[in-house]
Amino acid sequence: MGQHGQTLAPALDAGVLALVFRAGPLYCALPLDEVVETMRPLPTRPLAGTPPYVRGLTILRGEPSPVIDVTRLLTGTTSEIDRYVAVRAGRGPVACATGPVLGVRLVEATPPDGPSTLFTGASRSLVAAVGTVGTEPLLVLRSIRTVPDEVWELAARDAVTGGAA
């Protein structure tokens, strides 16, 4: 089921309500129960020594939070950032820097048994299912848990020092 004339591929399981967005050339979705809110990009301070997909730290509702560039994480390239999507992660909220948010949709996708064998590294741990939007692939992401421990430690330190460290 899709909106605006786009259809999703048949699924093995019932669909999931998800926030659909662009990440560079990709259509992506996050299950709605993991999304806290969406917002315009917030001021972000870069962090030295972090993976290239970590844009830095921002303040979400008064709490220092890592910002993950979803396009860079999935494709290795950069693209324009239109929105931050705050999601629940194991150690605190994470802001996902994305392209345009396309809305909430019932997403029907299959676990990545076929095409997922092509995924490696972070992509393999992130992609929960694969579907389509029209003729384009749609990656349903699972919880963003790819934030390195060092970034969480810097965020905790930033919370204590107020960013003066």
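**Sheet architecture and side-chain contacts in the predicted model**

T71 is buried, with a relative accessible area of 0%, where buried denotes under 20% relative accessible area, exposed over 50% and partly exposed the range in between (1.4 Å probe, protein chains only). The structure is a predicted model, in which local features need pLDDT of at least 70 and side-chain atom pairs count only at pLDDT 80 or more, while totals for chains, interfaces and linings use all residues. Residues are numbered from 1 along each chain as its sequence is written, and side-chain values use heavy atoms, with hydrogens and water left out.

T71 lies in helix α1 (residues 70–75); helices (H or I, at least four residues) and strands (E, at least two) are DSSP runs numbered from the N terminus. The side chain of T71 reaches the backbone nitrogen of G24 at 3.0 Å and makes a polar contact with the side chain of S79 at 3.2 Å, a polar contact being a pair of N or O atoms within 3.5 Å, of which, within protein, one must be able to donate a hydrogen and the other to accept it, and for which residues adjacent in sequence count only if both atoms are side-chain atoms. When neighbours within four places in sequence are left aside, T71 is in contact (heavy atoms within 4.5 Å) with A23, G24, G76, T77, T78 and S79.

Five strands form an open sheet of mixed pairing, in the order β3-β6-β7-β5-β4, two strands being taken to pair if DSSP finds at least two bridges between them. Strands β3 (35–39) and β4 (54–60) stand at the edges with a single partner strand each, so one side of each is left without a neighbour in the sheet. From one strand to the next, the twist averages 30°, with axes given by lines fitted to C-alpha atoms, for helices over the stretch in contact, and angles running from 0 to 180 degrees between N-to-C directions. Strand β4 pairs with β5 (residues 63–69) in the antiparallel sense over six bridges, and the bridge partner of L57 in β5 is P66.

Two salt bridges are counted under the criterion of a side-chain nitrogen of Lys or Arg within 4 Å of a carboxyl oxygen of Asp or Glu. In one of them, the side chains of R61 and E37 meet at 2.7 Å, N to O, linking distant parts of the chain, with R61 in the loop between β4 and β5 and E37 in strand β3, 24 residues apart. R61 is exposed, with a relative accessible area of 74%. R55 forms a salt bridge with D69, the closest N and O atoms being 3.7 Å apart; this pair also joins distant parts of the chain, R55 in strand β4 and D69 in strand β5, 14 residues apart. R55 is partly exposed at 36% relative accessible area, whereas D69 is buried at 2%.
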